[in-house]
Amino acid sequence: MKYRLLLIGMFSIVLTVASNAQEKNLLDELSTHAKASSEQYVSAFKSTRLVLGPTTVQLSAKELQFRVSHLFGLMSDGIQELFGLDQIYNVDIALDYGLTNWLSAGIARSSDYDKTLQTGVQLAILKQTTSAQWFSLSYAGGVNIRTRKYEIERPFIERLEYEHLVLLSRKFNHQFSAQVTPGWVNLNRVPTTAHPHSLWYTALGVSYALTPSTTLNGEYTYVWPTFNDGLYDGGKNGLSVGVDIETGGHVFQLFVTNATRLQPSGFAAQWNNNVFFDGDIHFGFSIMRSFSL
Amino acid sequence: MKQVIIGLAILLLGSTTVFSQHKYRADKGFVSFFSSAPLEDIYAENKTVISLVDLVKREIAFVVTIADFQFEKSLMQEHFNEKYMESHKYPKATFEGTISSPDELKEPGTYTVTVTGELTIHGVTKTVEVEGTIMVGESEVVASSEFKVKLEDYKVKVPRLVVRNIAEEVQVKVRLTYYPVQ
């Protein structure tokens with residue numbers, strides 16, 4: 001009898017210990033139920049522009065973005081011209097609106113020689129997410145109209161320029177993103193018969209986050225030498241380096257570039273650019289502000 | 001030997017049923033926060049909070065998935081995850097604590113309670129004490145609370161450029177409906 005009681009006693013101790021061990025604390029028990037973090041869209045860059053070219057960053061539905069870009073004179077003009085700051089070379093004012101989370105439309109106007117009015121759309125085809133989708137793919141395209149006065153009357157069609165860009169980006173980690181942008185530009189009117197109407201290019205862009213709010217960006221636009229060698233100058237391919245400073249709804253971009261035009265149809269046309277490594281570069285900035293309507 | 005078996009059976013039954021009887025679980029709990037700053041008001045809510053409450057042991061625990069906070073502006077949501085909460089590093093906020101109340105939380109009714117425990121946000125754990133109510137119904141239990149969270153306490157850094165957009169302290173509201181754990 002004593003033996004039996006002892007046995008029961010032992011069992012009860014063993015069982016209590018066992019059941020206590022099973023009885024994990026509530027938080028551990030919950031963690032086993034917790035699902036993995038839900039999928040989020042990842043945006044590779046701070047804004048809709050890397051430096052001059054568009055990025056895969058898509059405006060959300062009913063988001064209105066106002067952008068103003070300034071490009072100053074040549075930094076190589078030296079202190080007399082305050083390194084170009086005395087002149088305003090080009091001002092580009094843009095409004096873009098998100099029609100849906102996948103499609104935005106925009107209008108912009110540049111003060112360049114041709115007084116280019118730009119219209120365009122951007123369509124997000126694939127968006128990178130935290131785990132399922134590893135890159136973003138977008139299409140950007142538009143029709144630009146040169147609104148300047150010509151000495152002699154020209155057919156309207158000659159004022160038009162077309163742009164088609166495919167944007168492919170990936171955010172590799174929380175600091176580094178890259179984008180490849182194959183583009184095609186058609187200019188209905190060019191300076192001479194030697195100049196090509198059709199230009200193919202591939203832009204490479206990289207972005208590195210210095211802090212959670214600032215990124216260092218670089219962009220190189222390689223124009224394919226599909227035209228006259230004498231006219232083609234590899235040194236004039238667009239090269240831009242910039243910094244993005246993001247403050248909630250605003251993004252400030254400061255950059256230097258050898259391009260004098262701020263839209264793809266302008267900077268892909270090499271003859272508009274300077275040779276970066278001759279020091280003929282311009283300082284510029286963009287301010288972007290988003291409004292939710 | 002018979003006695004041993006009976007004894008065992010009683011022990012087994014006792015140890016498995018007593019603990020789970022007053023355990024309730026919530027799967028679609030609600031938590032929101034509101035930040036009011038001179039330039040901007042920010043509001044976000046999350047409807048995927050999971051929680052367990054044990055009314056006998058008087059314990060309560062929460063798990064909040066940071067990426068599930070929904071904002072009115074998608075840009076805010078992106079900045080919230082990437083810049084402030086760093087949800088890639090700290091995907092969850094958790095709470096684990098004990099409930100103190102002068103009453104037994106058995107009979108249906110509404111009880112004012114104080115919950116004390118460890119709140120972990122952005123990888124930082126702090127001991128907090130909040131007031132709340134627990135409503136015990138026929139089959140479900142509803143818990144709700146409102147309290148303030150100071151961003152600095154959880155090392156959520158607000159850049160100086162946006163100090164006028166984001167409040168130092170945010171108002172948090174929690175409301176969960178629990179059902180018995182089967």
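This is a predicted model: local features need pLDDT of at least 70, side-chain atom pairs count only at pLDDT 80 or more; totals for chains, interfaces and linings use all residues.
The phi angle of Lys155(B) is near 55 degrees, which is a positive value in a residue other than glycine. Lys155(B) has a relative accessible area of 56% and is therefore classed as exposed, since exposed stands for values over 50%.

A phi near 55 degrees, again positive in a residue other than glycine, is also found at His122(B). His122(B) belongs to the loop between strand E6 (109-121) and strand E7 (124-136) of chain B. With a relative accessibility of 8%, His122(B) counts as buried, because buried stands for values under 20%.

## Chain B in outline

Chain B contains two helices and nine strands, and along the sequence these elements follow the pattern α-β-β-β-β-α-β-β-β-β-β. Of the 182 residues in chain B, 47% are buried.

On the surface of chain B, a patch of negative charge is formed where Glu152(B), Asp153(B), Glu168(B) and Glu169(B) gather. One of these residues, Glu169(B), lies in strand E9, which covers residues 169-180, and Glu169(B) is partly exposed, with a relative accessible area of 40%.

## Aromatic pairs

How many aromatic pairs are counted over all chains? The count comes to 15 aromatic pairs. One of them joins Trp184(A) and Trp200(A) in a tilted arrangement, with 5.9 Å from centre to centre and 35 degrees between the planes. This pair links distant parts of the chain, as Trp184(A) is in strand E7 (residues 176-187) of chain A and Trp200(A) is in strand E8 (residues 198-211) of chain A, 16 residues apart. Both tryptophans are partly exposed, Trp184(A) at 24% relative accessibility and Trp200(A) at 47%.

In chain B, Phe62(B) and Phe95(B) form another tilted aromatic pair, with the ring centres 5.9 Å apart and the planes at 55 degrees. The pair links distant parts of the chain, given that Phe62(B) is in strand E3 (residues 59-65) of chain B and Phe95(B) is in strand E5 (residues 92-100) of chain B, 33 residues apart. Phe62(B) and Phe95(B) are both buried. Elsewhere in chain B, ring pairs connect Phe33(B), Phe69(B), Phe71(B) and Phe80(B) into a cluster.

## Salt bridges

Over all chains, the count comes to 16 salt bridges. In one of these, Arg67(A) is paired with Asp92(A), and the closest N and O atoms are 3.0 Å apart.

Because Arg148(A) lies in the loop between strand E5 (136-146) and strand E6 (160-171) of chain A, and Asp114(A) in the loop between strand E3 (103-110) and strand E4 (116-126), the pair ties together parts that are 34 residues apart in sequence. Asp114(A) is buried, with a relative accessible area of 6%. In chain B, the side chains of Glu40(B) and Lys73(B) meet in a salt bridge with an N to O distance of 3.7 Å. Glu40(B) lies in the loop between strand E1 (23-36) and strand E2 (41-54) of chain B, and Lys73(B) in the loop between strand E4 (70-71) and helix H2 (74-84), so this pair ties together parts that are 33 residues apart in sequence. Lys73(B) is partly exposed, with a relative accessible area of 26%. Returning to chain A, salt bridges that share partners join Asp112(A), Asp114(A), Arg146(A), Arg148(A), Glu161(A) and Arg261(A) into one network.

## A nonpolar patch on chain A

Which residues make the nonpolar surface patch of about 540 Å²? The patch is made by Phe66(A), Ile93(A), Leu95(A), Ile107(A), Phe291(A) and Leu293(A). Leu293(A) is found in the segment after strand E12 (282-292) of chain A, and, at 62% relative accessibility, Leu293(A) counts as exposed.

How values were computed. Residues are numbered from 1 along each chain as its sequence is written. Chains are lettered from A and ligands numbered from 1 in the order in which they are written. Side-chain values use heavy atoms; hydrogens and water are left out. Patches are made of residues with over 30% relative accessible area and no salt bridge: like charges are joined within 9 Å, nonpolar side chains (Val, Leu, Ile, Met, Phe, Trp, Tyr) within 5 Å. Accessible areas come from the Shrake-Rupley method with a 1.4 Å probe; for residues, only the protein chains shown count as cover. A salt bridge is a side-chain nitrogen of Lys or Arg within 4 Å of a carboxyl oxygen of Asp or Glu. Lys and Arg count as positive and Asp and Glu as negative; His and the chain ends are not counted. The place of a charge is taken as NZ of Lys, CZ of Arg, CG of Asp or CD of Glu. Helices (H or I, at least four residues) and strands (E, at least two) are DSSP runs, numbered from the N terminus. Buried means under 20% relative accessible area, exposed over 50%, partly exposed in between (1.4 Å probe, protein chains only). Rings of Phe, Tyr and Trp (its six-membered ring) pair if their centres lie within 6.5 Å; planes under 30 degrees apart count as stacked, over 60 as edge-to-face and the rest as tilted.
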